[in-house]
Amino acid sequence: VRLIKSGAIADTKDVSYRPISCAVSPDGTQAAVGGNDNKVHIFDISGNKLSPKQDLTGHTSQVSSVSYSDDGKYLASGGKKIIVWNSSDLSIKSKDKFIYHTAKINGMEWSPNGRYLASVALDTKLIVWDIEEPKKNMQVQAAHHGAANDCTWIDDSTVATVGADAS
């Protein structure tokens with residue numbers, strides 16, 4: 001795991017797992033790294049140093065996507081299911097409610113207002129989750145023919161996606 005600042009490697013941490021995904025908190029003080037060991041590894045960032053802080057468990061598959069909400073309140077991690085963590089104390093906010101993907105999650109992104117989480121997966125679906133009511137979600141089946149690879153928000157009601165079908 002590397003911290004790169006101003007185009008130069010500032011710090012490197014050797015790890016015993018294969019890093020798959022990463023995200024940095026909006027304030028730049030914390031990094032989340034999803035691993036092939038089914039864990040989310042949290043690092044503190046201070047100046048040019050990375051310091052391991054805590055390993056989050058609960059996934060049953062590799063953690064293929066991680067995303068902090070824009071306000072820094074939540075961290076979402078996804079493998080085949082999504083877990084939402086409270087960023088302040090790294091406790092679980094919601095588990096076993098974000099379960100409608102049937103294959104590996106490729107990308108996740110929070111809406112600008114932090115209320116919704118969009119996720120895309122190998123199952124071709126785009127799902128937009130309401131963080132307060134996860135069972136109240138909007139699904140787009142076959143958002144792409146082949147895998148849906150990534151997504152991003154344009155505004156609080158518009159999501160853009162890319163997929164393996166070159167669209």
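**Exercise 1.** Is Lys13 exposed, partly exposed or buried, and what is its relative accessible area?

*Solution.* Start with the ground rules: this is a predicted model, where local features need pLDDT of at least 70, side-chain atom pairs count only at pLDDT 80 or more, and totals for chains, interfaces and linings use all residues. Residues are numbered from 1 along each chain as its sequence is written, and side-chain values use heavy atoms, leaving out hydrogens and water.

Next, the cut-offs: buried is under 20% relative accessible area, exposed is over 50%, and partly exposed sits in between (1.4 Å probe, protein chains only). Lys13 comes out at 23%, so call it partly exposed.

Now look at its partner. Lys13 makes a salt bridge with Asp11, with 3.6 Å between the closest N and O atoms; the term needs a side-chain nitrogen of Lys or Arg within 4 Å of a carboxyl oxygen of Asp or Glu. Asp11, at 9%, is buried.

**Exercise 2.** Find which parts the salt bridge between Asp130 and Arg115 ties together.

*Solution.* First, check the pair: the N to O distance is 2.7 Å. Then place each residue: Asp130 is in strand β13 and Arg115 in the loop between β11 and β12, so the bridge links parts 15 residues apart in sequence. Strands here are DSSP runs (E, at least two residues), numbered from the N terminus. Last, accessibility: Asp130 is buried at 6%, while Arg115 is partly exposed at 31%.

**Exercise 3.** Work out how β12 and β13 are joined.

*Solution.* Strands pair if DSSP finds at least two bridges between them. Five bridges join β12 (116-121) to β13 (126-130), running antiparallel. Within this pairing, Ala118 faces Val128 of β13.

Key:
Helices (H or I, at least four residues) and strands (E, at least two) are DSSP runs, numbered from the N terminus.
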